[in-house]
Amino acid sequence: MVRGKILSAGVAALLTAAAITATAQQDRQLTNADYARAESFMNYKVNPLVYHGVENPVWLGDGRFWYRDHGPDGTTFTLVDPAKRVEAPAFDQAKLANALNAARASSGGKQEHLDPHHLPIAEFSLSNHDQTISLTVDGKHWNCELSGAGVCSAETRLDLPEGHAPMVLSPDGTKAAFIHDWNLWIRDIATGNETQFTTDGVEDFGYATDNAGWQHSDRAIVLWSPDSKKIATFQQDQRKDGMMYLVPVTNRHPKLEAWRYPLVGDKNVTMIERVVIDVDTRKVVRLKMPPDQHRSTICDDVSCSGGWEDVQWSDDGRRLAFVSTSRDHRQEWLRVADAETGDVREVMTETAPQFFESGIDHVNWKYLWGTDEVLWFSERDGWGQMYLYDGKTGRLKNQITHGEGNVAQVLNVNAAERILYFVGVGKEKGRDPYFRHYYSIRFDGKGLKLLTPENEDHEITASPDGRYFVDVASTPTTPQTTVVRDASGNVALDVAKQDITKLTAAGWVPLTPITVKARDGKTDLYGFLFKPTNFDPQKKYAIVNNVYPGPQTGSCGSRSFAAAHRDMQSLAELGFVVVCIDGMGTPWRSKAFHTYYYGNLGDNTIPDQVAGMKELAARYPWIDINRAGIYGHSGGGNATASAMFNYPDFFKVGIAESGNHDQRDYEDDWAEKWAGLEVVSPDGSSNYDSQANQNLAKNLKGHLLLAHGTMDDNVPLNNTLVLVDALIKANKDFDLLLIPNAHHGYGAATPYMTRRRWDYFVRYLAGEKPPMEYEMTSWDKQQEALHGPEGTE
């Protein structure tokens, strides 16, 4: 009895101490200085401290490439000639700035002087032994002669009147296609004359339009033939699609925004009718086939990167190869059309048990017109591999790549030497499976060669002729080294080394790469962990998970170097451990990994997130697993609410931003790819019921903040309001933040949302008090810090 009393007294003392600590913690007031320190690690604060990185190098037709070199004084446009092993400024920026300033002033244009170190140049071309540069500034086209004093003249024939639709230039540069009044028009570049080429286009049944669902664009989706004499495009049929409506916040009569937006389960969705237009005769040839689904082999749109990636012209412009995709993305048909007659021949087809993709963020199939063969991507053996087919018979000739790891992107094909060059992942044992490497292999499947041997992530930009490629190598913790290599992988030229001296001097520390086991206790999962820069291992830190569940991407993003990863380090500075984990069901790994929760979108990788967080807490005593939070945007918002409802005793605080909380309230293509078509039973139940967050709202126990832009045309506001309705009916406490007139990204309200996110975790997960209405850097200043005064980089 005496001993029991002593133990009870000890427990009471511990509880009292814990209560005192909790009270003290609750009373701790964070200051503006604390938030300012956290903000100092946002991308607009740290990115300008990193010099000499290489992003998006642009190859020119003569075998050279240029890139922007960001240094302490601004941006230098640098031109590299791999064949001559020469790197130098592309042009005299001071002379160009002076010439442009003089020309703009004399033509009555903008009077603000251009800074030679911050020139607003998105792209340019060089001629006359690099003494003439053509570029666009202020929406006007200029030709500048840089010899002598330097003179610029306006190229008015290329200028477009305000409100004119964007143009798609022909390969020979003489013509451009654009949309006007739902029809396709052609502009003659030399004269500026514009001619209407189709006449039967009408609203909801227009030519070359891409404005179905969440996509809004007036840029024509066309593919010019190599000889610039024909155009492949389509007439997009939305006449039977359902409507979507949004109403802006205003103190006057609101203007209704209404557009076609098909949903999961709709009987009628957007279709396309393929056509070929002969530019010389103005003849429109409609392909002899039924309408196709508005789908692609890669993304949830008919166009993935601004072009029409699943269509390829023959060299002579007489034939057209294209791939049609079924509504559920399970079946693909490779077809070839006669551009003169419209006759269509089916070459081959493939059906996948869940969903088919032709690569990772890149269409990899290619028709080889010279030999009537087809390079084809498939995951039929569990990994992304390349295959060689006979284009006449559709017969498989041989498998090209084998073994574990994926072909991610085929960047170059040397048909003459029968070699293809591709970016691959997961093929190097013992390395991070997300690291990209570059390889070459012969069509017969022999001679696989690793061209980038360093144990790093390699961002590859291949030259059009395949002779060289730019290799930007880095890891999440080590900065870039950029070289040019030849087709054999030999280093031809050292280009740049990223300088992070000023970044580290500002207190920046690298993230911690982590590996944990998935829910099955066997599969390795990879991610990032962020600790405060003033980390104290004797303290206990609440853990926050930044989630994006896929299936089209993961939580952590690229494995290349970045000074900031969203706001994860900043949030850590406020006294948290922040993690992201790429769970099962996300891409870049095996097909089985990617399809793990196919048909069950409510999974959201959350079992993997919980397993990984618990493992980290067991590994690191400074993680307080009893204070777990989670947040995410869009699909991450969906996953956050799902986590709060499915694991209400584990997750104490969640922030769900712009979540598509029921895929049946979202556009048709996305979910129908990842979960299949909706099947409604006679009793009204659906195979989509389990993923609907509103059905689980009654389980909420912790603090949940829902946020949404009221004019979100990607994930319409109704997605969150359906959940709000369910929470009210379940008599649950929650917080709601609606951002008037904001779209899917919050634009000018982004700083406010970020501050509110930090406040919410500080208040409810850390049990501390945030400063009153800390003022973040304005959106405009953030953008200027990231992109410079020129705003084009």
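I started with the aromatic pairs and found that the structure holds 29 of them. I kept in mind that this is a predicted model.

I picked out W259 and Y261, which form an edge-to-face pair, with 6.0 Å centre to centre and 80° between the planes. Are these two buried or exposed? W259 has 8% relative accessibility, so it counts as buried, the cut-off being under 20%. Y261 has 1% relative accessibility and therefore counts as buried too.

I also noted one aromatic cluster formed by W66, F77, F91 and F124.

**Charges over rings**

Next I looked up charges over ring faces. R282 lies over the face of F197, at 5.7 Å from the ring centre. K531 lies over the face of F535, at 4.5 Å from the ring centre.

**An open sheet**

Then I turned to the strands. I traced an open sheet of 8 strands with mixed pairing, in the order β37-β38-β40-β39-β41-β42-β43-β44. β37 (512–517) and β44 (735–739) each have a single partner strand, so one side of each is left without a neighbour in the sheet. I read an average twist of 20° from one strand to the next.

At the β44 end, β43 (residues 703–709) runs parallel to β44 and is joined to it by 5 bridges. Here A707 stands opposite L737.

I finished with the helices. Helix α8 (residues 606–619) packs on the sheet, its contacts including β37, β38 and β39, and its direction makes about 110° with that of β37. Helix α9 (residues 635–646) lies across β41, β42 and β43, running at about 155° to β42.

Key. Residues numbered from 1 in each chain as written. Predicted model: local features only at pLDDT ≥ 70, side-chain atom pairs only at ≥ 80, totals over all residues. Heavy atoms only, no water. Pairing = 2+ DSSP bridges. Helix = DSSP H or I, 4+ residues; strand = E, 2+ residues; numbered from the N terminus. Axes fitted to C-alpha atoms, helices over the stretch in contact; angles between N-to-C directions. Contact = heavy atoms within 4.5 Å. Phe/Tyr/Trp six-rings, centres within 6.5 Å; stacked < 30°, edge-to-face > 60°. Buried < 20%, exposed > 50% of the residue type's maximum accessible area, 1.4 Å probe, protein only. Lys NZ or Arg CZ within 6 Å of the ring centre and 35° of its normal.
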